[in-house]
Amino acid sequence: MKILVINAGSSSLKYQLIDMENEHLLAKGICEQIGDDNATFTHKVPDNEAKNIKEPHAMANHGDAIQLVLNTLVSAENGVIASMSEIGAVGHRVLHGGEKFSASVLVTDAVKDAIKECFKFGPLHNPANLKGIEACEAIMDVPQVAVFDTGFHQTMPDYAYMYALPYEFYEKDGIRRYGFHGTSHRFVSGRCIELLGGKAEGTKIVTCHLGNGSSISAVKDGKCFDTTMGLTPLEGILMGTRCGSIDPAIVTTIMKAHNLTPDEMDTLMNKKSGMLGLTGTSDNRTIEQRAKDGDERAKLVESMLCHQLTKYIGGFAAAMGGVDAVVFTGGIGENNPQYRTRVGKLLEFLGTEVDEEKNNCRGKEVEFSKAGSKVKLFVIPTNEELVIARDTLEIVNSL
């Protein structure tokens with residue numbers, strides 16, 4: 001079966017077509033600036049570069065984007081399948097499932113209603129995710145499956161996910177820690193368990209998904225035990241444009257001092273802070289080069305990130321009663337060896353030993369701890385789309 005994986009954003013739509021017989025990626029791409037005169041369409045075929053395209057294309061809405069993707073997949077010039085009938089199902093990434101979903105589900109009216117109920121927690125993502133689902137439903141008569149970013153984290157104990165606020169806010173409003181990047185943490189922790197011998201029971205792993213958005217998870221016995229992101233993806237370590245965890249009183253202090261509305265403060269913390277707020281850029285590659293050139297703010301960001309990583313990893317190790325392995329993944333985690341070396345050395349008190357020669361790599365799976373290291377260190381490239389495709393196939397096969 002061939003599975004189409006969709007990740008719909010507010011003005012974008014990413015896709016991958018995967019042949020599940022051998023889990024082979026057939027094509028991938030992105031529609032950007034949907035609804036804008038400057039909309040563009042990028043389509044890549046890994047097995048045939050001649051079919052790769054990037055061009056402006058009119059897309060008034062997500063339905064137009066889906067139709068463009070399907071037309072391209074079956075086109076004589078750039079396609080990879082003979083007809084749409086080869087696509088057996090569509091798997092959708094959905095940001096927030098609240099407490100209702102601990103696993104992926106077949107999309108029904110009730111599921112769509114539940115996604116709508118979580119609009120308040122993911123106002124930028126959930127409405128867009130639903131648009132992608134409804135656009136596919138309008139065009140394709142195949143099963144649609146929702147895979148939730150929050151699902152993997154639903155195994156957290158209550159003492160890890162609760163906030164010390166009046167209990168009524170949890171009961172009435174669902175205010176609690178949910179966690180995100182669940183498909184990534186699930187994929188890399190599962191792969192790490194394989195590398196550790198294949199038995200989940202008894203394992204204690206910390207997974208670090210580091211990119212423009214970043215989160216860290218404690219995975220005990222193959223299940224999420226704790227994670228850094230909270231009610232929303234804003235909590236935790238500093239990120240590309242997000243501030244991460246701060247003293248809550250800072251929010252009201254800045255709002256009063258600068259006469260900001262709640263929406264303006266939300267934008268400040270989510271889109272104007274983090275690496276961008278400290279250095280003027282959210283591109284970690286630029287920050288890495290600036291730090292090498294002596295830029296003090298770039299060096300500050302690197303030191304802050306390594307400090308926070310060490311603090312969270314060490315804290316999760318203490319909470320789990322030890323740690324067997326630390327995994328780095330995501331755009332930064334997979335491609336920035338110096339962060340991994342610095343953090344690995346800061347964690348030597350736990351028993352980590354960094355092999356700098358092995359660690360001198362980007363974008364590939366590697367164990368970069370020395371032989372005999374008490375705590376193993378891994379780079380494991382994530383594959384969230386494959387997780388979505390696997391869940392979709394499993395659900396469709398069970399119908």
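Q: What makes Ile87 count as buried?
A: The relative accessibility of Ile87 is 2%, and buried means under 20%, so Ile87 is buried. This structure is a predicted model. Ile87 sits in strand E6, residues 87-94.

Q: Which residues does Ile87 touch, leaving out residues up to four places away in sequence?
A: Ile87 touches Lys2, Leu4, Leu17, Leu70, Leu73, Ile81, Met140 and Val142. One of these, Val142, is 55 residues from Ile87 along the chain, with 7.9 Å between the two C-alpha atoms.

Q: Why is Tyr312 called partly exposed?
A: The relative accessible area of Tyr312 is 22%. Buried means under 20% and exposed means over 50%, so a value of 22% puts Tyr312 in the class in between, partly exposed. Tyr312 belongs to helix H11, residues 296-320.

Q: What does Tyr312 touch, not counting residues up to four places away in sequence?
A: The residues are Ile216, Thr228, Gly236, Ile237 and Ser245. Between Tyr312 and Gly236 there are 76 residues of sequence separation and 8.9 Å from C-alpha to C-alpha.

Q: What makes H6 and H15 roughly perpendicular to each other?
A: The axes of helix H6 (residues 182-195) and helix H15 (residues 384-397) cross at roughly 90°. Angles of 65 to 115 degrees count as roughly perpendicular, and H6 and H15 are therefore described in that way. Their axes come within 8 Å.

Q: Which residues of H6 and H15 meet?
A: From H6 come Thr183, Ser184, Arg186 and Phe187, and from H15 come Glu384, Leu386, Val387, Ile388, Arg390 and Asp391. The residues of this contact divide into 4 nonpolar, 2 polar and 4 charged.

Q: Why is His181 counted as buried?
A: His181 has a relative accessibility of 11%. The limit for buried is under 20%, so His181 counts as buried.

Q: What is the phi of Glu23, and where is Glu23 found?
A: Phi of Glu23 is near 55°, a positive value in a residue other than glycine. Glu23 is in the loop between strand E2 (13-19) and strand E3 (24-32).

Q: Why is Glu23 called partly exposed?
A: At 35% relative accessibility, Glu23 falls between the 20% and 50% limits, so Glu23 counts as partly exposed.

Q: What makes Lys220 partly exposed?
A: Its relative accessible area is 29%, which lies between the limits of 20% and 50%, so Lys220 is partly exposed. Lys220 is in strand E10, residues 215-220. Apart from neighbours within four places in sequence, Lys220 is in contact with Thr203, Lys204, Phe225 and Met320. The C-alpha atoms of Lys220 and Ala58, 162 residues apart along the chain, are 47 Å from each other.

Q: Which residues of helix H13 are buried, and what covers them?
A: In H13, residues 337-346, the buried residues are Pro337, Tyr339, Arg340, Thr341, Val343 and Gly344. Their cover includes helix H10 (284-292), H11, strand E12 (325-329), helix H12 (330-335), helix H14 (356-359) and strand E14 (376-379).

Q: How many helices and strands does the chain have, and how do you know how compact the chain is?
A: The chain has 15 helices and 14 strands. Its radius of gyration is 21 Å, close to the 21 Å that the globule rule gives for 399 residues, so the chain is as compact as a globular protein of that length. Of the 399 residues, 51% count as buried.

Technical notes. Residues numbered from 1 in each chain as written. Predicted model: local features only at pLDDT ≥ 70, side-chain atom pairs only at ≥ 80, totals over all residues. Heavy atoms only, no water. Axes fitted to C-alpha atoms, helices over the stretch in contact; angles between N-to-C directions. Helix = DSSP H or I, 4+ residues; strand = E, 2+ residues; numbered from the N terminus. Parallel < 35°, antiparallel > 145°, perpendicular 65-115°, else oblique. Contact = heavy atoms within 4.5 Å. Nonpolar A, V, L, I, M, F, W, Y, C, P; charged D, E, K, R; others polar. Rg over C-alpha atoms; globule rule 2.2 N^0.38 Å. Buried < 20%, exposed > 50% of the residue type's maximum accessible area, 1.4 Å probe, protein only.
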